[in-house]
Amino acid sequence: MGLQGLKSWIIMRRDEKLLIAAMSVNGLIFGSSQLVNPLYLKDLGLNAALIGLLITGQMLIGSFLSIIFSTLGDAFGRKKFAIISRSISIVGFLLLFLKFPYGLLIVSLMSGGGLTGALLAEKSLNLDKNMSLSYSISTFLSVIGSLLPMFIKLRYIILLNLFIVLISLSLISLIKEDYKGGKLDFRLKSFKNVMKLSFESLVGLGAGLILPIISLWFYLKFAKTAAEISPIFAISNGILAVSTLFSPKLSRHLGRVKTIVYTHIIGIILLILLPLANSFYLASLIFILRNTFMNMTGPIFSSFVLNLIPYDERARGQSLINLIDSIPRSFGPFIGGYLFYLGNLNLPFFITAVLYTISTIGFYLFFKDVK
């Protein structure tokens with residue numbers, strides 16, 4: 001966390017700490033799931049195309065239910081629906097542990113859509129710092145998650161993830177929510193800004209083509225097992241965790257928009273180079289650098305979005321943005337998995353680079369004058 005992060009943690013209020021902890025523990029799940037889920041499904045007898053299709057369904061169902069829960073949360077209080085969404089996710093992990101692959105379809109609800117982000121925005125004295133700290137702790141924990149396949153069988157990692165969601169649920173249950181809700185309303189006064197951010201859907205589609213099945217790509221291209229790939233994911237997440245702590249400082253010098261755009265440009269260049277690597281170690285190095293530059297501004301982007309959306313619309317506004325991103329993203333794994341199934345391991349990366357480029361240009365043109 002670092003000295004500055006520790007100091008920030010000490011002076012925080014109780015509910016800020018609980019929310020950051022509840023959001024951060026999901027890093028363990030992210031760190032393991034990105035590596036474990038495709039390979040666990042493969043162990044259950046599914047081929048690459050079917051694995052991609054199932055991950056597509058997971059993302060699509062999770063996104064639609066999240067926007068419903070977030071709308072209800074804006075109307076009736078966000079805490080209770082954050083708890084409900086995590087409860088459903090626990091059921092999904094249990095089904096997955098029992099070797100029922102379709103349980104994967106509902107485990108993505110653990111994030112609760114925009115509910116936890118809206119709760120944190122309500123409680124935060126400094127949202128940029130809190131978002132950065134949450135992302136950083138989460139990413140550090142994802143390092144541990146990435147290392148789990150070296151020591152634990154894939155199936156038991158699924159069971160461990162179930163208990164992590166339960167911990168997150170318990171932490172949220174201790175929060176005192178000040179926001180009492182309003183009327184049930186699917187309309188958004190911030191709809192114009194949300195639609196401008198729809199360019200991010202191209203990032204979603206591109207990311208969906210490769211990221212959810214990137215462990216499968218390493219396996220198919222270099223014949224590496226989960227245990228051999230695991231340290232690469234751990235190192236990648238560890239470096240990303242450190243870089244997110246510096247993103248608020250970088251944004252103060254360059255501005256939020258330029259910081260996001262410049263780091264994305266470097267990430268896109270590295271993405272093009274990744275499939276051209278002819279050795280596992282070179283590909284691993286490029287993968288680590290790409291992951292760092294493409295994702296280090298995640299907390300800055302989340303804070304930027306929350307500040308564009310009015311107080312009483314934050315949960316459903318952020319969830320609508322997530323939905324716009326997730327619909328095309330959800331189709332990505334099926335397309336990418338099918339291309340892998342056909343033996344084309346390079347094309348998904350080049351398609352993704354083009355989509356990232358268009359999205360980055362659009363984001364800059366729409367928001368370059370926003371202060």
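Predicted model: local features only at pLDDT ≥ 70, side-chain atom pairs only at ≥ 80, totals over all residues.

Colleague: How many salt bridges does a search of the whole structure find?

Modeller: The search finds one. As a general point, side chains of opposite charge can pair when their charged atoms come close.

Colleague: Is aspartate 15 buried or exposed? And what about arginine 14?

Modeller: Aspartate 15 counts as buried because its relative accessibility is 11%, whereas arginine 14, at 51%, counts as exposed. Buried means under 20% relative accessible area, exposed means over 50%, and partly exposed is in between, with a 1.4 Å probe and protein chains only.

Colleague: Which residues of α2 are buried?

Modeller: In α2, they are Asp15, Glu16, Leu18, Leu19, Ile20, Ala22, Met23 and Ser24. Eight of the eleven residues of this helix (residues 14-24) are buried, so α2 is largely enclosed by the rest of the structure.

Colleague: What does leucine 171 contact, leaving aside its neighbours within four places in sequence?

Modeller: Leucine 171 is in contact with Leu18, Ala21 and Ala22, where contact means heavy atoms within 4.5 Å. Leucine 171 sits in helix α8 (residues 154-173) and is buried, with a relative accessible area of 19%.

Colleague: Changing topic, what is the secondary structure of the chain?

Modeller: It comes to 17 helices and zero strands, where helices (H or I, at least four residues) and strands (E, at least two) are DSSP runs numbered from the N terminus. Of the 371 residues of the chain, 60% count as buried.

Colleague: At what angle do α4 and α5 cross?

Modeller: The axes of α4 (residues 48-76) and α5 (residues 78-97) cross at roughly 150° and come within 7 Å; axes are lines fitted to C-alpha atoms, for helices over the stretch in contact, and angles run from 0 to 180 degrees between N-to-C directions. That makes α4 roughly antiparallel to α5, since angles over 145 degrees count as roughly antiparallel, under 35 as roughly parallel, 65 to 115 as roughly perpendicular and the rest as oblique. The contact is made by residues including Phe69 and Leu72 of α4 and Phe81 and Ile84 of α5.

Colleague: And how do α12 and α14 cross?

Modeller: The axes of α12 (residues 226-254) and α14 (residues 280-295) come within 9 Å and cross at roughly 30°, and these two helices are therefore roughly parallel to each other. Among the residues making the contact are Ile232 and Phe233 of α12 and Phe287 and Ile288 of α14.

Colleague: Last one: where is leucine 148?

Modeller: Leucine 148 lies in the loop between α7 (127-147) and α8, and it is buried, with a relative accessible area of 11%. Not counting residues up to four places away in sequence, leucine 148 touches Ser32, Ile157, Leu160 and Ser230.

Key: Residues numbered from 1 in each chain as written. Heavy atoms only, no water. Salt bridge = Lys/Arg side-chain N within 4 Å of Asp/Glu carboxyl O.
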